Amino acid sequence: MKSLILTIVFLISIFIESEARIYRNLERFELSEQDRSRYEIRPDDKTNSLINENIFSKVIHRIESLYLNDFLEKGLIVNFNYDWEMSYFSAWAHDDAPPVYSLNFWGGMARIPGMNEYGWAFIVCHEVGHLLGGAPYNDIKFYLWASAEGQADYFASAHCLKRYFSNYPYKGIKINLAESVVKQCEGNFHCLNSAKAADSFSKVLNYLLRDKNEASIQKRSYNKVSKTIFSSYPSKQCRVDTILNAGLCDNDFHNLNSWDCLQGPGKRSECWFKN
């Protein structure tokens, strides 16, 4: 496994060369439950995540089927790999042997507190966005093929979540939003779905990056970048803002032609993108 992989969050606290090395390291150290919670949640650990093994795989299969033709039209062969039993926090896109790519998902990621179908669909969509999101692209030498992290977030909400929930309406436990957020969406179905995804993902980010300021759909990042962020993740709050804002984009999510909003509601957030 390459030491540098595009991940939606930290793979674990350090880069690793192989899964076997993880287990060897863990055998040599006794970690407290609090320390362990920073990088893994096992299938039998208690958590308030609403994702079980069935939903975990079902969402992945659905999104794979929704974008199969788009991958084929671009000449991409994409393998969706997933392992519910793997306890570590990771989801990543990888260039196996272009035009063969893989999107990879570990169960520990889906078990993070605060995760629900909206948040999990967003994470799967984010990885799809690395392959189909287009410019701006990552500017790291070996990852020039991948859309930047901010663009993958934007694609996930502006395009993929809309396609997903239009085809597979949510049937789970009711997810409530703050009245201020509901008012902002003005009854827009896609905006409300993106807001629920942003809310779930904010809790995931807060769990993973617990030493940083908390992100929330009721907050905003007022930072404006002087240059687009190409090779790293935007801030926690900026990512949440991107998901929420992208839901307001009035676009045609049935194809990949001119699907993004360049101006007005739904445009890319200025906290990571410079026009």
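**Salt bridges and a helix pair**

Modeller: The side chains of Arg163 and Asp70 meet in a salt bridge, with N to O at 2.7 Å; the term denotes a side-chain nitrogen of Lys or Arg within 4 Å of a carboxyl oxygen of Asp or Glu. This is a predicted model, in which local features need pLDDT of at least 70 and side-chain atom pairs count only at pLDDT 80 or more, while totals for chains, interfaces and linings use all residues. Residues are numbered from 1 along each chain as its sequence is written, and side-chain values use heavy atoms, with hydrogens and water left out.

Colleague: How many residues apart in sequence are the parts that Arg163 and Asp70 tie together?

Modeller: Helices are DSSP runs (H or I, at least four residues), numbered from the N terminus. Arg163 lies in helix 6 (residues 149-167) and Asp70 in helix 3, so the pair links parts whose separation in sequence is 93 residues.

Colleague: Are Arg163 and Asp70 buried or exposed?

Modeller: Relative accessible area decides this, with a 1.4 Å probe and protein chains only: under 20% is buried, over 50% exposed, and in between partly exposed. By that scale, both Arg163 and Asp70 are buried.

Colleague: Which helices are tied together by the pair Arg62 and Glu117?

Modeller: Arg62 forms a salt bridge with Glu117, with 3.6 Å between the closest N and O atoms. The two residues lie in parts 55 residues apart in sequence, so the pair ties together helix 3 (residues 53-73) and helix 5 (residues 117-132).

Colleague: Is helix 6 roughly parallel or roughly antiparallel to helix 9?

Modeller: The axes of helix 6 and helix 9 (residues 236-246) come within 8 Å and cross at roughly 30°. Axes are lines fitted to C-alpha atoms over the stretch in contact, with angles from 0 to 180 degrees between N-to-C directions. Angles under 35 degrees count as roughly parallel, over 145 as roughly antiparallel, 65 to 115 as roughly perpendicular and the rest as oblique. Helix 6 is therefore, relative to helix 9, roughly parallel.
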